[in-house]
Amino acid sequence: MTEAAYTTKGLTKVYGEGRSAVHALRGVDLEIPAGEVIVLLGPSGSGKSTLLNIIGGLDRGTEGLVQFRDQRLDEMKDAELTRYRRNHVGFVFQFYNLMPSLTARENVELVTEIAADPMDPDEALALVGLKERTDHFPAQLSGGEQQRVAIARAIAKQPDVLFCDEPTGALDSQTGRSVLRVLADVNERLGSTVLMVTHAASQAQMADRVIHFADGDIREIVENRKKLAPEEIEW
Amino acid sequence: MVSPLDHKLLRDLWRMKGQATAIGAVIAVGVLMLVMMTGLTASLSETRDAYYDRYRLADVFVPVARAPERLASRLAEIPGVSAVETRVEGRALIDLPGQVLPVQAQAVSLPDRGRPSLNDVFLTAGRMPASGRPDEILLLQSFAFAHGLRPGDTLRATMNGARRGFDIVGLAQSPEFLYTTAPGELVPDDARFGVIWMGRSGLAAAYDMAGAFNEALIGLSPEASEDAVLAAVDRLLEPYGGAGAYGLADQFSNRFVSEEISGLEAAAVGVPPIFLAVAAFLLYIVISRMVQSEREEIGLMKAFGYTNTEVGAHYFKLILAIAVGGALAGCLGGIAAGRALIGVYTAYFKFPFLVFQLDPASFVTGVTVSILSASAGGLFVLRRVFALTPATAMRAPAPPNFSRTGRIGHSLNRFLDQPSRMVLRRLTRQPGRMAGSIIGIASGMALSVAMITIYAGFDRTIDLTFSVVDRSDVTVSFTHPVSDKTLFELVRLPGVERAEPVRNVSVVLRHGLESHRGVLIGLPDRPELNRALDADMAPIALPERGVVLSDVLAEMLGVAPGDMLSMDVREGRQPLLQIPVAGTAQTLLGSPAYMDMEALNRTLREPGRVSGAYLTIDEAQADAIYAALQDMPTVAGVSLKSQARDAFVRLMNQGAGAIRYVMGAIAFIITFGIVYNAARIALAERSRDLASLRVIGFSKGEAAFVLLGELAVVTVIALPVGAALGYYLSFGIAAGFSTDLYQIPAVFDPVSYGQATLVVLGAALVSGGLVKRELDHADLIEALKTRE
Ligand SMILES: Nc1ncnc2c1ncn2[C@@H]1O[C@H](COP(=O)(O)OP(=O)(O)O)[C@@H](O)[C@H]1O
Ligand SMILES: [Mg+2]
């Protein structure tokens with residue numbers, strides 16, 4: 001096992017207060033090795049997105065330690081956290097979250113413009129198979145195409161870590177598989193750590209490591225010795 | 001490469017072009033008004049000053065009974081005097097064919113050779129009278145135009161009792177006679193007072209003034225003290241019947257022009273800030289709502305690692321584009337409108353040329369206010385959004401809290417269909433947003449109420465002055481104070497129903513450093529025709545001792561009942577008196593001072609004297625009455641109230657008051673902009689929900705109902721709020737429109753409020769219609785796919 005990309009200790013997240021408080025994370029202790037594909041599995045509402053958001057620097061935990069390499073995310077100021085996201089992290093969201101008023105290429109440029117060592121936006125779009133549609137607006141693209149633009153946007157900055165929250169959740173399995181293919185490629189070619197949330201259990205077959213999540217905590221972590229290519233997975 | 005954020009900026013602007021235009025338009029008209037009004041007033045006073053300067057208008061006017069010409073050099077020796085011009089002037093009556101009443105006029109001498117060193121004339125047609133031709137005259141152009149007279153025409157006039165014929169050789173304008181009015185009247189009227197210029201020797205012969213003058217004009221050197229010169233001149237001319245020298249500030253025409261300009265200035269200072277504040281507030285609301293709706297995109301940008309400063313700068317640019325665009329359009333529009341209006345006003349003020357002047361400070365103010373208010377709106381919301389973590393910002397905005405509406409819902413549910421419930425829930429669930437829309441529309445309502453109240457206030461001023469204060473039909477003025485027995489002659493004329501005496505005395509009232517040159521009106525006991533009224537329109541019984549001042553005059557002099565005034569009488573023995581202020585009266589035209597006629601006569605030691613009379617007459621016999629009046633030797637002038645009223649209406653519709661129509665139009669644009677914006681925001685925030693409704697089978701009408709129902713409820717709530725705001729606003733605007741000559745009251749008039757309500761409802765209907773059309777054409781799929 002290589003060095004850890006992330007470490008969390010006793011990470012909790014509580015939404016709200018008093019009787020209506022929701023304990024989304026209940027003291028998560030976790031080590032994520034760099035360079036792997038990791039799949040986070042678990043029922044809806046178990047806290048997967050919350051965990052992803054916190055280690056991705058989109059949100060803060062209520063208590064506990066969160067470390068990226070040798071930096072303490074939980075102790076960072078907002079500006080430092082912004083720099084962390086800018087320099088190290090790519091996101092793919094379940095609902096694509098493209099800017100509706102920007103074309104596919106411009107959506108990618110939005111990220112490459114501020115990245116330290118970005119790819120050419122056209123190249124990123126070619127990687128996800130959208131070379132022909134770079135000048136289309138999100139409203140002119142299908143759901144799968146939009147999600148691929150979102151992935152192109154996330155990988156174009158050549159991030160150290162790629163976070164994907166149910167990237168295939170809104171897609172049919174055919175389209176989903178091509179999206180997963182791109183993620184696997186990024187992991188192989190750029191060496192990015194890929195952390196993917198899914199509730200399609202079979203997708204865990206493409207992971208190096210599977211984290212089973214339930215009720216705000218880790219149930220078990222399983223190493224996957226027989227990694228499958230995305231094309232071989234059915235769901 | 002253009003940054004993708006700038007692409008977003010341009011496309012976002014294009015996407016919300018309707019709303020951006022509406023916001024920009026509101027800012028633009030606010031700024032337009034500011035730029036227009038300041039430019040207008042600056043240009044008018046510049047032009048006035050240049051005109052005075054170019055035609056050498058005197059600084060001091062010296063009326064005297066008869067002074068030998070040699071005194072001119074004595075006047076010139078007074079320290080501070082830089083120029084002296086003497087002349088002869090006199091009253092005249094002009095006979096015009098087809099008119100029963102002769103028109104009063106003033107005859108003024110011109111040097112037999114060359115131009116006058118002071119009070120020059122501007123020849124607009126024809127030529128100057130030739131020397132040695134006492135029958136050649138110049139006529140005041142405005143008077144000539146009013147009666148269709150041209151050079152080459154002849155004119156019959158009575159001077160000093162002798163009827164003579166004259167040849168009009170030229171027409172002239174003069175800075176001294178921008179405004180003319182018949183003696184004893186307040187409102188200028190071109191048609192009813194003429195000015196005739198002719199050679200000095202001819203005029204001197206007519207008025208027995210050979211080798212003498214009865215008016216001196218004085219120019220002051222820059223460092224001169226006007227008060228000192230006035231005192232020295234009065235001392236010098238005392239033995240010759242000096243009637244008291246006065247400065248330019250008290251000269252009738254100048255006083256009037258200056259009051260009109262300062263009326264405009266007051267409106268320029270008082271009204272645009274109100275409009276601009278409303279526009280700024282609207283901008284604040286709209287921008288904050290707009291940024292609020294961009295919450296998700298802001299969260300997204302932050303998720304990618306954009307800093308708060310970068311995101312803030314992006315939205316700031318958007319805001320700036322709208323605000324600066326609007327403000328610049330406003331500046332350009334203001335210059336154009338100012339130029340157009342200044343043309344109208346130069347004609348109105350009879351300035352022969354125009355000095356157009358812009359006030360750069362107003363550009364700066366307008367643009368700054370727009371940018372500041374817009375950024376305030378943006379920053380306020382941005383700060384709130386920045387406080388959120390990107391994860392929270394990207395979640396669907398503000399989770400609806402059903403719990404509270406759920407309860408009341410139960411009891412109401414039975415009576416309401418689903419769309420009505422949606423309207424109701426949204427109103428109760430997001431009270432903050434609703435409050436914003438309500439306050440926005442309410443400020444539109446307030447502007448409309450205030451402007452319409454002002455319109456009603458102008459009508460009221462006319463009404464009060466000519467129907468309540470003065471109830472006569474005809475005013476007669478005598479050549480000099482005559483015995484009150486003369487009144488019997490008037491009453492005896494067939495058709496005269498009632499005649500009421502009046503004793504008018506020229507006075508200068510002083511209190512501390514303040515002074516006012518005007519007429520003290522002596523009224524009989526319990527007058528019926530011309531009355532002093534209190535604030536409740538009840539007649540004031542004039543006391544045995546003391547004067548009753550109009551409240552405007554009391555304010556000008558800084559006195560209250562009980563204070564002592566010094567009164568410098570400018571007639572007869574010219575006594576200097578101390579007199580107490582007994583009370584104040586409400587007037588809307590002029591700034592009169594009243595006194596009991598008998599008490600006044602006693603004070604002057606001239607018992608039983610009257611200087612004029614108010615008459616009510618039988619209209620059918622009017623012509624016969626006028627003819628009879630004209631034959632009475634003591635009658636100097638007759639004026640009809642209907643004519644005076646017409647002149648006043650004309651004044652209010654063409655002078656400073658006319659600007660109210662421009663302001664009304666601006667208020668309407670702002671009101672419409674506000675209401676349209678409220679509708680647009682509602683549509684933008686709900687387009688997705690509405691598309692969902694359509695998709696699950698609601699008809700276009702039902703979907704529109706959900707949207708427009710909300711607008712309707714908001715508008716209905718905003719109306720009373722706006723009415724209340726407008727009530728207070730109208731006092732501010734009324735004060736801005738009141739001049740020293742007339743006051744505009746802000747009276748509560750239900751009709752005005754009704755009209756304002758119609759304006760707002762009309763704007764709401766049109767806006768609703770526009771928004772509904774857009775909703776009907778909305779592409780369902782697109783609305784569902786994309787977030788707006
Ligand atoms: N902003 C929030 N406010 C309140 N509760 C939240 C918020 N975000 C998530 N939750 C709650 O936290 C729990 C975990 O949510 P989430 O991490 O989204 O679950 P998952 O992604 O596994 O479906 C859920 O019960 C959810 O309702
Ligand atoms: Mg989730």
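This note goes through the domains of chain B and the interface between chain B and chain A.

1. Basis. This is a predicted model, in which local features need pLDDT of at least 70, side-chain atom pairs count only at pLDDT 80 or more, and totals for chains, interfaces and linings use all residues. Residues are numbered from 1 along each chain as its sequence is written, chains are lettered from A and ligands numbered from 1 in the order in which they are written, and side-chain values use heavy atoms, with hydrogens and water left out.

2. Domains of chain B. The domain assignment gives chain B a domain 1 (61-256) and a domain 2 (496-617); such bounds come from an automatic or database assignment. The C-alpha centres of these two domains of chain B are 29 Å apart. Ten residues of domain 1 and six residues of domain 2 of chain B take part in the contact (heavy atoms within 4.5 Å).

3. Area between the domains. Domain 1 and domain 2 of chain B bury about 600 Å² between them, and carbon and sulfur atoms give 50% of this. Buried area is the accessible area (1.4 Å probe) that two parts lose on being put together, summed over both. On the domain 1 side of chain B, B:Leu186, B:Ala243 and B:Arg255 lose the most area to domain 2, together 49% of what that side buries.

4. Annotated segments. An unreviewed UniProt entry lists residues 274-389 and 662-770 of chain B as "domain: ABC3 transporter permease C-terminal"; UniProt positions follow the numbering used here, feature names are shortened, and annotations may be inferred rather than shown by experiment. Residues 274-389 of chain B are 85% helix and 0% strand, with end C-alpha atoms 39 Å apart. Residues 662-770 of chain B are 85% helix and 0% strand, with end C-alpha atoms 26 Å apart. Helices (H or I, at least four residues) and strands (E, at least two) are DSSP runs, numbered from the N terminus.

5. Chain B against chain A. The contact takes 27 residues from chain B and 28 residues from chain A. About 2500 Å² is buried between chain B and chain A, 61% of it from carbon and sulfur atoms.

6. Charged pairs. Two salt bridges are counted between chain B and chain A (a side-chain nitrogen of Lys or Arg within 4 Å of a carboxyl oxygen of Asp or Glu). A:Arg86 and B:Glu310 form a salt bridge through their side chains, at 2.9 Å from N to O. Elements giving two or more residues to the side of chain B that touches chain A include α1 (4-15) and α8 (295-303) of chain B.
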